[in-house]
Amino acid sequence: MSWFLAFAGFAALIILHEFGHFVAAKRTGMRVEKFYLFFPPAIAKVKRGETEYGVGAVPLGGYVKITGMNPDEVRVPESVPGRAPAARPGLVTAMDSGGQGSPPHAARTVLPPEILKRAYYNQPVWKRIVVIAAGPAMNLLIAFLVLFALAFGIQEATSQIGKVENDSPASGKLRPGDTIAAVDGASITGSPEDRFNAVREAIANHECAGEPTDGCRAETPALITVDRDGHSKQLSIRPFYDADIDRYRIGFAPGTRPLDPTPPEAAGQALDIMWQVTSGTVSTIAGIFQADKRDDISGVVGSYEVTRQAIEFSARDALFLLAIISLSLAIINLFPFLPLDGGHIFWSLVEKVRGRPVAFSTMERAGVLGAMLIVMLFFIGLSNDVGRLMGQGFDVR
C-alpha cells in the first residue's frame, strides 16, 4: 500500500504543478491545447472545448501545451523564400509544426485571428511570466499549506520521561513522569533537548566488554538519579548496545506536549522550515562539484523510497516529506536555465529589458547549460539512490 500512496503523492505534486500553469494560462486568455499527467503515448484522453485532457503512459512528469510556446513556431522567418515576414516581432502568423525544436520550414497551418492573438508569444511579458511562475508558485503554496497544517500538531519535548520501553533495562525502574536529575553524580540541567543529550552522552560511557554486539549489556551500571513525586530516587541501570542505531541506551523516550501555536506562529514555523530547506537546497546544488555536497543529492528514486518508508511510519512523516519535496521542486524549477521554468522567466525578463524578442536559437544555445545541469543532477541523484538502496539505506527519521 505504501508503494501506491508514495506514487499517488508524487503524481499529485506533478499534476498540481501543471495545474498552476493551466489555470494561469486560462485566466490570462491563452489557448491551452493539452493538459496531461505523465508523458505520451496517451493511455486515456478526452477533449473538452479547445483543450485535450489526458494521462500518458510514461510516469515521469506532466505537461501543459500552450499555443505558441516556441518562438520559431510562431514567427515566420524573413529568410524563408515566398513567405511574408511577421507583421511585428513576436506576432503569430501561422503555426502547427508539432512542438519545440521544429525547423523554421516545417509545414504550418494558418489559424484564425482570434487564436493567433492568444498565442503565448503574442502576450505581454508580464502575462508570460505569470503563466510560467504559476507552476513553481503552486509547489510553494502546497509546501506552505502542508507545513502550516502540520505545525498545529507539533509536539515539543519536556524534561520528563514520556515512555518506558517494555523488556528494556529501564523497564520496572524508570516511570513516565520521572525527571532525570543526575547520571553518575553529574547534574543534568538545561533545555529538554540539552538534558536528554547529556543523559545519552553519560550512558555512552558504560560499554560492553570487548567488541559490542547487538543487545549486549554494559559491564558497569549507570547510576541515575530521578525526581519522582517530589522525592529523589537513585536507580542502577545497565545500558545495552543497540546495533540498529549504533549506540548504548536504556530504553526510554522523552515526554512531549502539544506546542499549540497561534496561526501567525504556525505560519512563521512553516516559513522558517521553507527557508532552511531553500538555503540548503541552493547550497547543495551550488556545491555540486564538491564530493560531500554531491552525496546529499537524491533523485526521484530516492525521494520516492524515502516517502514510501515515511508512510510506513506515519501519515504525518509522509506529508512532511511531500511538502519538502514540493518545495525542492519549486526551487530547482526556478533556476534560470531552459528548459526549467526559471529559464523561461529569465528570457522573458531579458526581452523586457532589451525591448525586443530574443531569437529562439540563442535561447536554445544558452539552454544547453540548463540541460547539462539537469542531466548531471539526474545521474548523481540516481547514483546516490542506487548506493543507498544497495547499501546503508535511506534515513527517514
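Leu16, Phe19 and Val23 make up a nonpolar surface patch whose accessible area together is about 200 Å². Patches here consist of residues with over 30% relative accessible area and no salt bridge, like charges being joined within 9 Å and nonpolar side chains (Val, Leu, Ile, Met, Phe, Trp, Tyr) within 5 Å; the areas come from the Shrake-Rupley method with a 1.4 Å probe, and for residues only the protein chains shown count as cover. Val23 belongs to helix H1 (residues 2-27) and is partly exposed at a relative accessible area of 30%, where buried means under 20% relative accessible area, exposed over 50%, and partly exposed in between (1.4 Å probe, protein chains only).

The model is predicted, so local features need pLDDT of at least 70 and side-chain atom pairs count only at pLDDT 80 or more, whereas totals for chains, interfaces and linings use all residues. Residues are numbered from 1 along each chain as its sequence is written, and side-chain values use heavy atoms, with hydrogens and water left out.

Helices (H or I, at least four residues) and strands (E, at least two) are DSSP runs numbered from the N terminus, and two strands pair if DSSP finds at least two bridges between them. Strand E6 (residues 222-228) has five of its seven residues buried and is therefore largely enclosed by the rest of the structure. Strand E4 (residues 179-183) runs antiparallel to E6 and is joined to it by four bridges, with Ala182 having Thr225 of E6 as its bridge partner. Strand E7 (residues 231-237) also pairs with E6 in the antiparallel sense, over seven bridges, and here Thr225 stands opposite Gln234. E6 and E7 form a hairpin with two residues between them, and Asp229 in the turn has a positive phi of about 55°.

Helix H5 (residues 192-203) has 12 residues, which at 1.5 Å a residue should span 16 Å, in agreement with the 17 Å between its end C-alpha atoms; the expected span is 1.5 Å times one less than the number of residues. Its buried residues are Arg195, Phe196, Val199, Ala202 and Ile203. Viewed down the axis of H5, these buried residues fall within an arc of 120° and so line one face of the helix, the arc being that of the directions from the helix axis to the C-beta atoms. The exposed residues Glu193 and Glu201 are carried on the face of H5 turned away from its buried side.

A search of the whole structure finds eight salt bridges, each defined as a side-chain nitrogen of Lys or Arg within 4 Å of a carboxyl oxygen of Asp or Glu. Three of them are tabulated here.

| Pair | Closest N to O |
|---|---|
| Glu50 and Lys26 | 3.9 Å |
| Glu351 and Arg128 | 2.8 Å |

The salt bridge between Glu351 and Arg128 links distant parts of the chain, with Glu351 in helix H10 (residues 341-354) and Arg128 in helix H4 (residues 125-151), 223 residues apart. Both Glu351 and Arg128 are buried. Salt bridges that share partners join Lys26, Glu50 and Arg118 into one network.
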